[in-house]
Amino acid sequence: MGHVTQIRTRSGAGKAERDVPTGAAADAPGVATPTTPPAAVASRRPAVRPATVGLPLLGLVIAVTVWWLVTSGLKLVHPASLPPPQDVWAALTAAADVLLPALGVTTLMTLLGFVLSAAAGVLIGMALAASRRAERMFAPLLVAINAVPKIALGPLLVVSVGWGEKPILTMVFLLCFFPIVLSTATGLTTTPANLAELARSLNASWWQAFRKVRFPAALPQIFVGLKVAMPLAAIGAVIGEFYSDKPGLGYQILQYNGIGDTATAWAAIVLIAAMSILLYAALSLVERLALPWVRATTSAR
């Protein structure tokens with residue numbers, strides 16, 4: 001049997017005593033026991049779990065294995081349509097002096113277009129969230145613009161804005177801005193009721209409530225839109241390079257495919273995929289560092 005320890009607490013001028021069970025009695029059902037603080041539990045967790053790196057690598061190995069089985073093992077696809085992974089790797093190493101500089105061009109265009117669309121998308125989302133009239137007036141127009149097939153606009157962009165970087169950045173913007181606008185407007189209009197009531201009880205001004213409550217509460221939603229838009233930025237950059245003279249990966253895909261070198265064209269596609277993964281991981285890291293309270297206040301899987 002456990003024993004009972006008396007703990008004296010002082011409140012104002014009076015005294016109160018309460019009994020805290022210890023030992024075996026503390027394990028009885030319905031009896032509250034002290035728990036380890038969440039910060040102490042989190043501090044014992046490893047900074048980088050093995051599964052964080054191991055599982056993506058395992059997925060990559062499985063994907064390459066299936067690719068090899070389809071192209072070389074079972075020969076279900078003709079090499080002219082989808083070369084085997086060993087041919088793509090050989091083409092990548094052989095054309096590295098062309099593809100790696102092209103990767104730099106495409107990465108730069110992707111980042112520039114993403115930053116422009118993120119800035120404009122957040123501002124437009126804030127405007128729609130601030131005015132219901134503006135939302136009703138322009139939301140259908142934004143949906144219509146987003147519904148237009150962007151690849152059909154490629155030849156028109158060359159005529160409208162000319163060659164160079166402009167058609168690429170325009171294509172990235174058109175593909176990226178809608179999810180950012182939608183997530184920003186949704187986040188700003190779904191502030192938790194308890195936080196909104198707290199701001200009102202403190203007589204906060206509109207700007208104070210926005211800066212201290214509404215915008216921080218909307219940041220998780222905004223990052224969802226940003227993470228949706230990041231892969232779309234890479235797609236937009238490649239499509240824009242189809243109709244531009246910038247020697248990016250999209251340009252190289254057209255050139256190598258035109259001469260029948262599908263292995264090198266697929267090597268460029270593999271580089272686009274790798275670039276998208278790295279940019280998405282970098283954005284996820286920024287979210288984790290900028291919003292440390294999200295993981296602490298939400299349930300983990």
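Student: Why is Gln 252 called buried?

Tutor: Its relative accessible area is 9%. Buried means under 20%. The value of 9% falls under that cut-off, so Gln 252 counts as buried. Keep in mind that this is a predicted model.

Student: Where does Gln 252 lie, and what does it touch?

Tutor: Gln 252 lies in helix H10, residues 249–258. Leaving out residues up to four places away in sequence, Gln 252 touches Val 98, Leu 99, Ala 102 and Pro 247.

Student: What makes Ala 233 buried rather than exposed?

Tutor: Look at the value again. Ala 233 has 0% relative accessibility. The cut-off for buried is under 20%. At 0%, Ala 233 is therefore buried. This residue is found in helix H9. Its contacts include Thr 110, Phe 114, Val 172 and Cys 176, with residues up to four places away in sequence not counted. Ala 233 and Phe 173 are 60 residues apart in sequence, yet their C-alpha atoms are 7.6 Å apart in space.

Student: Why does Phe 242 count as partly exposed?

Tutor: Phe 242 has 27% relative accessibility. Buried needs under 20%, and exposed needs over 50%. The value of 27% sits in between, so Phe 242 is partly exposed. Phe 242 lies in helix H9. Beyond residues up to four places away in sequence, it touches Gly 250 and Leu 254. From Phe 242 to Pro 167, the C-alpha separation is 9.7 Å, and the two are 75 residues apart along the chain.

Student: How do you know which class Tyr 280 belongs to?

Tutor: Tyr 280 has 34% relative accessibility. Not counting residues up to four places away in sequence, Tyr 280 touches Lys 227, Met 230 and Pro 231. Lys 227 is 53 residues from Tyr 280 along the chain, and their C-alpha atoms are separated by 6.6 Å.

Student: How many helices and strands does the chain have, and in what pattern?

Tutor: There are 12 helices and 2 strands. Along the sequence the pattern reads β-β-α-α-α-α-α-α-α-α-α-α-α-α. Of the 301 residues, 32% are buried.

Student: Why are H3 and H4 called roughly perpendicular?

Tutor: Start with the angle. Helix H3, residues 85–94, packs on H4 at about 85°, with the axes 5 Å apart. Roughly perpendicular covers 65 to 115 degrees. The angle of about 85° falls in that range, so H3 and H4 are roughly perpendicular to each other. Leu 92, Thr 93 and Ala 94 of H3 make the contact with Ala 96, Asp 97 and Leu 99 of H4.

Student: How do you know that the length of H5 is close to what is expected?

Tutor: H5 spans residues 132–147, which is 16 residues. From first C-alpha to last, the helix reaches 22 Å. At 1.5 Å a residue, 22 Å is expected, and the two values are close.

Student: Where is the kink in H5?

Tutor: The kink lies at Phe 138, shortly before the proline Pro 140. Its angle is about 40°.

Student: Which residues have the most contacts inside the largest nonpolar core?

Tutor: They are Phe 114, Ile 180, Ile 222, Leu 226 and Leu 283, in a core of 26 residues. Two or more residues come from each of H4 (96–130), H7 (165–188), H9 (206–242) and H11 (262–290). H9 gives the largest share, 11 residues.

Student: What does Ile 180 touch?

Tutor: Among its contacts are Ser 117, Ala 118, Gly 121, Val 122 and Leu 226, with residues up to four places away in sequence not counted.

Student: Which residues does the second, separate core include?

Tutor: This core has 16 residues, including Leu 249, Ile 253, Tyr 256 and Ile 272.

Methods:
Residues are numbered from 1 along each chain as its sequence is written. This is a predicted model: local features need pLDDT of at least 70, side-chain atom pairs count only at pLDDT 80 or more; totals for chains, interfaces and linings use all residues. Side-chain values use heavy atoms; hydrogens and water are left out. Helices (H or I, at least four residues) and strands (E, at least two) are DSSP runs, numbered from the N terminus. The expected span of a helix is 1.5 Å times one less than its number of residues. The bend at a residue is the angle between axes fitted to the seven residues ending there and the seven starting there. A nonpolar core is a set of buried Ala, Val, Leu, Ile, Met, Phe, Trp, Tyr and Cys residues joined through side-chain atoms within 4.5 Å. Buried means under 20% relative accessible area, exposed over 50%, partly exposed in between (1.4 Å probe, protein chains only). Contact means heavy atoms within 4.5 Å. Axes are lines fitted to C-alpha atoms, for helices over the stretch in contact, and angles run from 0 to 180 degrees between N-to-C directions. Angles under 35 degrees count as roughly parallel, over 145 as roughly antiparallel, 65 to 115 as roughly perpendicular and the rest as oblique.
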